[in-house]
Amino acid sequence: MGRSMATARDVAERAGTSTAVVSYVFNNGPRPVSAETRRRVLEAAAELDYRPNILARALSAGRTYSLGLLIPQIRNPYFATLAEHLESYARRHDHLLLIGDSAGDPEQESAHIGSFIERKVDGVVLVSLLVEPAIQRFAAAGVPVVALHPVPDGVTVSTLSIDYVAGARASADHLLSHGYRTLGVVTGPAESPGTAEHRSGIERALKAHPRASARYVAAPVSRFAARDAVRPWFEQKRPPRAIYCSTDEQAFGVLFAAWEAGLRVPEDVAVMGFDGTSECTVTIPPLASVRQPIEETARRAVELLLDRTDPPAARHVLDYELVPSTSCGCSETPATREVR
């Protein structure tokens with residue numbers, strides 16, 4: 001017969017304490033435990049290979065020790081990187097990360113929301129497909145939410161994002177400072193969060209450059225959709241001199257479409273992405289982008305969701321970094337990164 005599983009009582013006896021103290025150690029409260037007693041309990045647990053019952057622990061604590069992440073497309077490098085960092089920070093707080101991939105389908109997003117609510121997750125990190133996400137469903141179920149994109153005024157939810165308008169304007173200003181006068185702008189779908197902000201930033205930059213103009217195309221956030229969306233531009237006699245993309249994922253498709261059309265980047269067409277994923281450093285040529293603080297976003301999102309003081313909804317704005325590179329017409333090395 002195999003050895004029976006160790007119980008909290010076994011750990012308590014070996015550590016010379018009570019089962020209540022064992023519970024306090026593994027639940028981080030509700031009462032404090034001295035460092036010496038904690039050490040004895042953890043050593044006894046390790047020697048006995050004790051594993052606390054997560055379901056019993058969840059029932060007693062009124063928590064499930066799980067967080068949900070709802071994203072439009074896991075294959076997008078930005079969301080894959082975000083998921084990695086969120087998983088790491090959730091684990092540090094002894095939580096499991098559950099990932100819901102909407103795959104660009106609002107109905108699938110809605111189904112994932114229902115699943116997260118049914119599983120009583122302790123909070124949700126939300127990247128919705130919709131400008132007006134289904135915040136009310138989470139609120140009615142008492143599930144805290146942090147949205148990683150702008151939401152309309154009056155939507156009561158905490159948001160954690162960079163200033164998309166400022167980032168888009170800085171990118172367009174940079175491209176126009178190279179002397180490019182015609183911009184092609186690739187955004188996500190018109191109904192997607194952030195699309196209006198990207199357009200607003202571009203328009204603000206154009207006001208300072210009256211001789212410049214822009215043309216827009218909205219496409220699903222995929223390199224394949226972006227490739228197809230800009231092909232007609234590259235077949236024209238005079239394609240846009242520079243292309244601004246609202247995501248790196250779309251910029252990867254634009255780089256391919258330029259190569260396919262026999263256009264050199266940046267000599268014939270400059271390209272700029274947005275997100276600053278590590279993949280930007282291994283494209284041909286290396287991709288200029290606006291770098292979002294992905295790891296900081298993940299850390300703060302977990303902290304906000306697990307903050308038991310129930311802070312009021314707030315708009316948290318993070319810093320971004322414009323990262324020039326070969327694709328926009330800048331040299332790769334910082335020492336020679338002068339605007340030509």
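Q: Which residues does leucine 69 touch, not counting residues up to four places away in sequence?
A: In this predicted model, leucine 69 touches Leu82, Ala83, Leu86, Leu97, Leu98, Ile99, Gly100, Phe116 and Val125.

Q: And how many residues does the largest nonpolar core have?
A: That core has 45 residues, and Leu69, Leu82, Leu86 and Leu175 are those with the most contacts inside it.

Q: Which helix gives the largest share of this core?
A: Helix 5, residues 77-92, with seven residues.

Q: What about a second core, which residues does it include?
A: The second core is separate and has 23 residues; Val186, Ala229, Val230 and Cys245 are among them.

Q: Switching to rings: how many aromatic pairs are there?
A: The structure holds four.

Q: Why is the pair of tyrosine 164 and phenylalanine 274 stacked?
A: Because the planes of the two rings are at 25 degrees, under the 30 degrees for stacking. The ring centres are 5.9 Å apart.

Q: Where do tyrosine 164 and phenylalanine 274 lie?
A: Tyrosine 164 is in helix 8 (164-177), and phenylalanine 274 is in the loop between strand 9 (270-272) and strand 10 (289-291), so the pair ties together parts 110 residues apart in sequence.

Q: Are they buried or exposed?
A: Both tyrosine 164 and phenylalanine 274 are buried.

Q: What kind of pair do tyrosine 244 and phenylalanine 274 form?
A: An edge-to-face one, 6.4 Å centre to centre with 75 degrees between the planes. Tyrosine 244 sits in strand 8 (residues 242-245), 30 residues from phenylalanine 274. Ring pairs link Tyr164, Tyr244 and Phe274 into a cluster.

Q: What lies over the face of tyrosine 216?
A: Arginine 199, at 3.9 Å from the ring centre.

Methods
Residues numbered from 1 in each chain as written. Predicted model: local features only at pLDDT ≥ 70, side-chain atom pairs only at ≥ 80, totals over all residues. Heavy atoms only, no water. Core = buried A, V, L, I, M, F, W, Y, C linked by side-chain atoms within 4.5 Å. Buried < 20%, exposed > 50% of the residue type's maximum accessible area, 1.4 Å probe, protein only. Helix = DSSP H or I, 4+ residues; strand = E, 2+ residues; numbered from the N terminus. Contact = heavy atoms within 4.5 Å. Phe/Tyr/Trp six-rings, centres within 6.5 Å; stacked < 30°, edge-to-face > 60°. Lys NZ or Arg CZ within 6 Å of the ring centre and 35° of its normal.
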